[in-house]
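The sequence and the model come first, and the notes follow by topic.

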Amino acid sequence: MVERTRGIDIACHGILILGGLLVCLPIYFAFVVGSHTVSEVLAIPPPWLPGNTFFANAAAAWEKGNLGRLFVNSFIVAVGIAAGKIAVSLLSAFAVAYFRFRWRMLAFWLIFVSLMLPVEVRILPTYEAVANVALPLQWLVDALDIGRWLGIEVALDWNMMNSYGGLILPLIASATATFLFRQFFLTVPEELAEAARIDGASPLRFFWSVLLPLSVSNIVALGIILFLYGWNQYLWPLLFTTDKTMATAVIGLKDLIPRSDTEPAWNIAMNAALLVMLPPVVVVVALQRWLVKGLVDAGK
Amino acid sequence: MNLTKRSLFTGMLAAGIAAGGVVPAFAQQRVEIQFWHAMSGVLGERVDEIVKRFNDSQTKYAVVATNKGNYDEVINATIAAYRAKKAPQIVQIYERGFMAMLLSGAIVPVQDLMTEKKKQVDFSDFIKPVASYYQYKGKLMSMPFNSSTPILFYNKEQFEKAGFSGPADTWAEFEKQLYAIKSKGAAECGSSLAGDYFWSLMENYSTVNDQPWGTKSNGYDGLDTEFVYNKTRLVQQVTRLQKWVNDGIIQIAGQGLSPQQLFTSGKCATYFASTAAHGGIEREPSIKWSATYLPHEADLTARNSSIGGATLWVMKGHKSEEYDGVAAFLEFLAKPDLQVWWHEVTGYVPISNTAYQMAKSAGYYKDHPTREIAILQLNRGTPTPNSQGFHFGNYTQATFALREEMESVFANKKTPQQGLDDAVRRGNELLRQFEKLNAGKY
Amino acid sequence: MPAPAGSTRGLKRAHFREARLPLLLLLPQLLVLLLFFFIPALRALSQSFVLTDPFGNSVQFVWFDNFRRLLASPEYRASIGVTFWFTLAQNALTIVVSLVLAFATDRILRGRGFYRSIILLPYAIAPVIAGILWAFLFNTAVGPISFVLHGLGIDWDPNRHGIDAFLLVTFAASWKHICYDYIFLIAALLSVPPSLLEAAAVDGAGPLLRFVRISLPMIGPTIFFLAVMNFVYGFFETFAIVDAVTHGGPGGATMILVYKVYIDGFVHIDLGSSAAQSVLMMIFALVLTVLQFRYVERNVNYDV
């Protein structure tokens, strides 16, 4: 900016403070409610300041929602999605950008098509796919009537419900990360690959010692974004876990929300909400710079 | 040496069996029966008690009871499991799911199973409304387990404060009472709207007042049935309810608020709910409450109300010995003393006449008069084609549509007639689909 | 070495010419895509042409009947309407608020990092938690904001009035997404050439005028990009908010399309209708992507 205008500057700070308050308002009230007892919460008028039962409520929330176990699940799923997606995408992006082979364009388009349809658009069939991953094979077997040849009934069943695999794999099935890495690879100087070829290095060597180190900042940024994405997943854990001990923290939280047939324990629910949002918030606050860089780069 | 070894072995075996800690390899493993149900909380504990009693009473079978969530979740889990060829042996399905289960091709009719396994269950002993709901071609398709009917709970003190001894018999008089209670300040609101009001205040309004819900005797006589409740006195009832909501006589509990609590905390003077709510209400002694029959229209005779709740269905695709176990468990459940116990601890109605008489002669209803209202209401008068039950396909979806339309009515976005018309239109579409898919099967 | 036209698109000039290795490298991705993308998508397509009972024992081929019924159904069309207004409302709200915040941040010298840290927080919060938090604030019985509204004489009740539920879901969705737009807008504002702004200042234009006449047009493409991203967010990722807070009600007031697919498929087990809805959404998503590439010409990122 060019000139100093006190008026506008103060107004800007005012706006930002207002914005900050708006952002924090729900979190503040979650803290207020999460630190009172049920009867205090139900009182009219409702409490405006925090109470003193925060830690007791936290213990109750942890207990009631089995959060210990669920946090472990969420962590495994989030890390699994981040690591899985990044690993798979790095390999695919490398293949599509650095190799000339017969099926290159076909592979490229197959991957590209998957960008067009977000998972939410094919909810039910994806559920079926997870319920029996071997279903396509079963169709093949039925179509070819292999059972009759072998004289036995062939029932192929690979059920991924209530498993980490089921929670992680369907979410790796989109090519956003592949395209990000591909784009990045396209900006890598040609000389590096040329030098590798001249030296007689194998492609994998090149990938491991040259490309990967260059991609670290992208990997970290994407890792953060994917970790958050995985931790905050809702629809898929909802559908794929019928066993309460395999649910993620976010789903466990949903079960704590007061419904009409239970006691309105909003204090426990809000407390649990704070607990569940804590790990992602810590990640965002600590790794802000990487995150912002990652988001903005992804949009380019 | 041989002799010593053998005697040593026998000695150890005997010791092991005596200690109870060793199960000899040749002993029978119990046949496992999976039982999926929707009873949570205290009800769930009662179910666990029943299962334990059965398991302890014999050594051949072991029933494993799992609470799969609410009724919707149980039927969805059953469908998913069935498709994956991993269905349980016994499932508890709500009354709404009757047609879906009947024509699914996935069940074994209970009466057939019990006859085949030569179990002593007197199927003619089940109380009429229960039997008539779950029968098809004269045979009972599923085993009655937890049946209820809606009754009217009321706050005695608040009625007295407004100058009434109790709720009136007719809707017109009852309305006057509720308005008086509110205007005199005896209570903040006249009635708390239960989550299943479409059952207690609409479906049962129709059965009690002999109003058809659909053609063909509410679907009993054919799949080509059509909903007609937008052309009956139900329109009057919905208009009445809408007025009550607008005037603040009815309170709709929002998210996180329990309608039952609105009643037990003294906020609302009445609560139309299942007789099974007895258990929960009895545990809140802060108000002086009682219960009575549902009101009826002044110019119509009061008929019987219809049942709600669920029954136990037996799924196909299991081994013969498992079915033996299923039959044994169902026979156990049908025993009158177990039924009396279940009735007393939960508030569900006693499902057989014998059980009812047992409870009566033991003086139970003298000490708990409100417990008898449900069964008296169910047995009141002669059933008509409109009061025997509801046999509609895709009924869960149709009920959802009705509830959505009622939400619009209560928000004054649609008139009662419009709302019911739309609900009927949507419901009929679902019925036609069901008819098309199941042509010739009913 | 001359290459056939087209097949070197996106290929590094210095590349490798192995034949098997790339296929191996691609295998994980393609396998996962096959099992969890292509096959389900085709399955949705095939299921949309049949009428089936929940247990799967009767299946009838009905051609386009499911589609016909869907498009004729007032409820489906209402759902389209709800989705349209919802995505529009939270889009507008998000962009306006984040634009104001970005402008303010760009103006001030000190504290940028601090404000940014605060405003970025909702990014970490799951949509469902955002929904729960706002549902609580606006809850008729215990919510503080609701308390204030009732005190002002407003009959606020998201369980009864569809518009209240709609507003609630819109606020929650917007609140969660403002940070995303904010980050992009700040970066975009930073990339506006200072020389242009200085020149305008010399000519006498105040900060507000400079913003409106120079900065805004220059960040136009970013705003457009964000509008698309917001739309995608509102269309698909708000499922959690609706499921946790309003369940599509009351009276269908928050029944967005993606939620309807879930309800019809999973709660009502009307597989044909749910599949048909999925197919329609797929067609819509495809059209959207094609349009995006035409006018935006950059790669699409849905869930990142």
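The model is predicted. In chain A, helices H12(A) and H15(A) are roughly antiparallel to each other, because angles over 145 degrees count as such and theirs is about 165 degrees.

**Helix pair in chain A**

- Helix H12 of chain A covers residues 203-231, and helix H15 of chain A covers residues 266-286.
- The axes of the two helices lie 10 Å apart.
- The crossing of H12(A) with H15(A) is left-handed.
- On the H12(A) side, the residues that meet H15(A) are A:Ile224, A:Phe227, A:Leu228 and A:Trp231.
- Their partners in H15(A) are A:Pro279, A:Pro280 and A:Val283.
- Sorted by class, this contact has seven nonpolar residues, with no polar and no charged ones.

**Contact between chains A and B**

- Ten residues of chain A and nine residues of chain B take part in the contact.
- The chain B side that touches chain A consists of six nonpolar and three polar residues, with no charged residues.

**Chain C**

- Chain C holds 13 helices and two strands.
- Along the principal axes, its C-alpha atoms fill a box of roughly 80 × 75 × 30 Å.
- Of the 304 residues in chain C, 50% are buried.
- Taking the contacts in chain C between residues at least 6 apart in sequence, 68% join residues at least 24 apart.

Technical notes:
Residues numbered from 1 in each chain as written. Chains lettered and ligands numbered in written order. Predicted model: local features only at pLDDT ≥ 70, side-chain atom pairs only at ≥ 80, totals over all residues. Contact = placed C-beta atoms within 7 Å. Nonpolar A, V, L, I, M, F, W, Y, C, P; charged D, E, K, R; others polar. Axes fitted to C-alpha atoms, helices over the stretch in contact; angles between N-to-C directions. Helix = DSSP H or I, 4+ residues; strand = E, 2+ residues; numbered from the N terminus. Parallel < 35°, antiparallel > 145°, perpendicular 65-115°, else oblique. Left-handed = near helix turned anticlockwise from the far one by under 90°. Buried ≥ 20, exposed ≤ 12 C-beta atoms within 10 Å, placed from the backbone.
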